[in-house]
Amino acid sequence: MAILTTHSELIQHCKTVMNTVPQLPIIMVGAAGTGKTYIATHAMRDQWAAANNVEPEKVAILIERCSDRDAAEFAGLMMPAKDANGDVVTKSIKPDLVRKIETLRAEGFNFILLVLDELCQADASVQKTLSSVLDRHDNSLGGHDLGSGIFVVATGNRLKDKSGAQNILAHLKNRALSFEMEGYSDRTVEAWIRDYAEPN
């Protein structure tokens, strides 16, 4: 996990990641107030638009809060149904997240920035369910393909922030690039004064 001081450092990494195939998801962790969700929904949207040569308004932002949901809400409930032969089988109901993506597609959005907010606060079953979303080779949820043009960003707090965060499951870390936002300190404020405020 790389420790970053400024948002501009993260954006530089985003530019590189968004121009590779497949685009690895980004997981940002840090204390409250370090701008994780803000940068995910603003600067990263601009970068995803630039990577696809479209205007930012052509990129939809879909924020899914993970901390107060259970795995079934993401995966879709399993229900009995009859197949083409009349046999009773078990099928999953289309997950709400898949429906939201389909709605955005119907509205004309070919590019979507999917923000999995507070992923670190989600329990292990939710993290396991979302592992196929974070796996850009899989790109599915509950057996439903999510389609192309999606960039995934996850946010969350650290264990030391005492906000109910848990460790991200190891196999999720292997599917994403992880960054820790350091936040403000005497050192970062002094650097901002020296490098930006005084020269300008």
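A polar contact is a pair of N or O atoms within 3.5 Å; within protein, one atom must be able to donate a hydrogen and the other to accept it, and residues adjacent in sequence count only if both atoms are side-chain atoms. The model is predicted, with pLDDT of at least 70 required for local features and 80 or more for side-chain atom pairs, while totals for chains, interfaces and linings use all residues. Residues are numbered from 1 along each chain as its sequence is written, and side-chain values use heavy atoms, leaving out hydrogens and water.

**View 1. Side-chain polar contacts of Arg158.** The side chain of Arg158 is joined to that of Asp161 by a polar contact of 2.8 Å, and to that of Glu180 by one of 2.7 Å.

**View 2. Surroundings of Arg158.** Arg158 lies in the loop between strand E9 (150–156) and helix H7 (170–173); helices (H or I, at least four residues) and strands (E, at least two) are DSSP runs, numbered from the N terminus. Arg158 has a relative accessible area of 15% and is therefore buried (under 20%, 1.4 Å probe, protein chains only). Not counting residues up to four places away in sequence, Arg158 touches Val29, Gly30, Ala31, Ser163, Ala165, Glu180 and Met181 (heavy atoms within 4.5 Å).

**View 3. Packing of helices H1 and H3.** Helix H1 (residues 7–18) packs against helix H3 (residues 43–51) at about 30 degrees, the axes being 10 Å apart (lines fitted to C-alpha atoms over the stretch in contact, with angles from 0 to 180 degrees between N-to-C directions). That angle makes H1 roughly parallel to H3 (under 35 degrees). H1 contributes Leu10, Ile11, Cys14, Lys15 and Met18 to the contact, and H3 contributes Ala43, Met44, Gln47, Trp48 and Ala51.

Methods:
Angles under 35 degrees count as roughly parallel, over 145 as roughly antiparallel, 65 to 115 as roughly perpendicular and the rest as oblique. Buried means under 20% relative accessible area, exposed over 50%, partly exposed in between (1.4 Å probe, protein chains only).
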